[in-house]
Amino acid sequence: MNARILFGLQFASLITMLGTAETLFENTLHTILFISAFVLFARCSIYISKNEKRLTEE
């Protein structure tokens with residue numbers, strides 16, 4: 001996968017987490033969005049870590 005896409009996904013999920021953190025347990029939709037963004041951020045981080053050498057060569 002392209003490194004720019006991964007970093008873009010991470011940035012978007014970080015912004016989503018920051019935007020929904022204030023009403024995390026007050027609103028069900030915000031809780032679901034926060035958890036989804038957190039999982040996406042973590043998966044991208046793990047993928048980048050495992051494929052760091054290959055991603056920097058692209």
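Start by selecting Phe-11: with a relative accessible area of 54%, Phe-11 counts as exposed, because the cut-off for that word is over 50%. Keep in mind that you're looking at a predicted model. Phe-11 sits in helix 1.

Together with Phe-11, they make a nonpolar surface patch of about 410 Å².

Next, jump to Thr-20, which belongs to helix 1, the stretch covering residues 3-20. Is Thr-20 buried or exposed? Thr-20 is buried: its relative accessible area is 7%, and buried means under 20%. Show the side chain of Thr-20 and you'll find that it reaches the backbone oxygen of Thr-16, at 2.9 Å.

What does Thr-20 touch, once residues up to four places away in sequence are left out? Select His-30, Leu-33 and Phe-34 to see those partners.

Stay with His-30 for the last stop. This residue is found in helix 2, which spans residues 28-50. In sequence, His-30 and Thr-20 are 10 residues apart, while in space their C-alpha atoms are 5.3 Å apart.

Finally, bring up the surroundings of His-30. Setting aside neighbours within four places in sequence, His-30 is in contact with Thr-20, Thr-23 and Leu-24. Zoom in on Thr-23: its side chain and that of His-30 make a polar contact at 2.3 Å.

Key. Residues numbered from 1 in each chain as written. Predicted model: local features only at pLDDT ≥ 70, side-chain atom pairs only at ≥ 80, totals over all residues. Heavy atoms only, no water. Helix = DSSP H or I, 4+ residues; strand = E, 2+ residues; numbered from the N terminus. Buried < 20%, exposed > 50% of the residue type's maximum accessible area, 1.4 Å probe, protein only. Polar contact = N/O pair within 3.5 Å; in protein donor to acceptor, adjacent residues only side chain to side chain. Contact = heavy atoms within 4.5 Å. Patch = residues over 30% accessible without salt bridge, like charges linked within 9 Å, V, L, I, M, F, W, Y side chains within 5 Å. Areas by Shrake-Rupley, 256 points an atom, 1.4 Å probe, with all protein chains shown as cover. Salt bridge = Lys/Arg side-chain N within 4 Å of Asp/Glu carboxyl O.
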